[in-house]
Amino acid sequence: MVAFLLLVFFGTDFLREIFGTRTVWAPPADLKINTYSLGGKVTKVEGGEITFEAGMVFINSKGENIFDYVKKTALVSGETKIHRAGDISVLLQLSDIQPGAEITVYTSQNPVDLNQLTAERIEVK
């Protein structure tokens, strides 16, 4: 239903081909968005990187919506703010994030186009 509504109101501007042959629902590349968010489950924390699996909706060759997971990496720097979801008053450390944790990564980069994202803020559920 969401796919149909997007097509009716925005045409095919929200369809983007990525990863070679997969088409995904995403904002048009020329649409200015200041902060993107992408949630997923942590699979590895190593060095200054958090690898996680994020769910995305793809369109198959029959035009059907298919939900699938893609691997993404959040690059964490000294400027990245990490906190529990719903409580920004207590900052966490990268070492507080363990595999299996659910996170939301906030970035200025479009997560559809990149597999590695510079994390500006991370919420840990």
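In this predicted model, Ile-82 is in contact with Val-76, Val-90, Leu-91, Leu-92, Gln-93, Leu-94, Ile-97, Ile-122 and Val-124, when neighbours within four places in sequence are left aside. A second, separate core of six residues includes Val-24, Ala-26, Met-56 and Val-70.

The largest nonpolar core consists of 18 residues. Within this core, the residues with the most contacts are Ile-50, Ile-82, Ile-97, Ile-103, Ile-122 and Val-124. At least two residues of the core come from each of strand S3 (36–46), strand S4 (49–59), strand S8 (102–107) and S10. The most is given by S4, which supplies three residues.

Strand S10 covers residues 121–124 and contains Glu-123. The relative accessibility of Glu-123 is 16%, and this residue therefore counts as buried, since the cut-off for buried is under 20%. The side chain of Glu-123 makes a polar contact, at 3.1 Å, with the side chain of Arg-121. Apart from neighbours within four places in sequence, Glu-123 is in contact with His-83, Ala-85, Glu-102, Ile-103, Thr-104 and Tyr-106.

On the surface, a nonpolar patch is formed by Val-57, Phe-67 and Tyr-69, which together have about 310 Å² of accessible area. Phe-67 lies in strand S5, which spans residues 65–75. Phe-67 is classed as exposed because its relative accessible area is 51%, and exposed requires a value over 50%.

Methods. Residues numbered from 1 in each chain as written. Predicted model: local features only at pLDDT ≥ 70, side-chain atom pairs only at ≥ 80, totals over all residues. Heavy atoms only, no water. Helix = DSSP H or I, 4+ residues; strand = E, 2+ residues; numbered from the N terminus. Buried < 20%, exposed > 50% of the residue type's maximum accessible area, 1.4 Å probe, protein only. Polar contact = N/O pair within 3.5 Å; in protein donor to acceptor, adjacent residues only side chain to side chain. Contact = heavy atoms within 4.5 Å. Core = buried A, V, L, I, M, F, W, Y, C linked by side-chain atoms within 4.5 Å. Patch = residues over 30% accessible without salt bridge, like charges linked within 9 Å, V, L, I, M, F, W, Y side chains within 5 Å. Areas by Shrake-Rupley, 256 points an atom, 1.4 Å probe, with all protein chains shown as cover. Salt bridge = Lys/Arg side-chain N within 4 Å of Asp/Glu carboxyl O.
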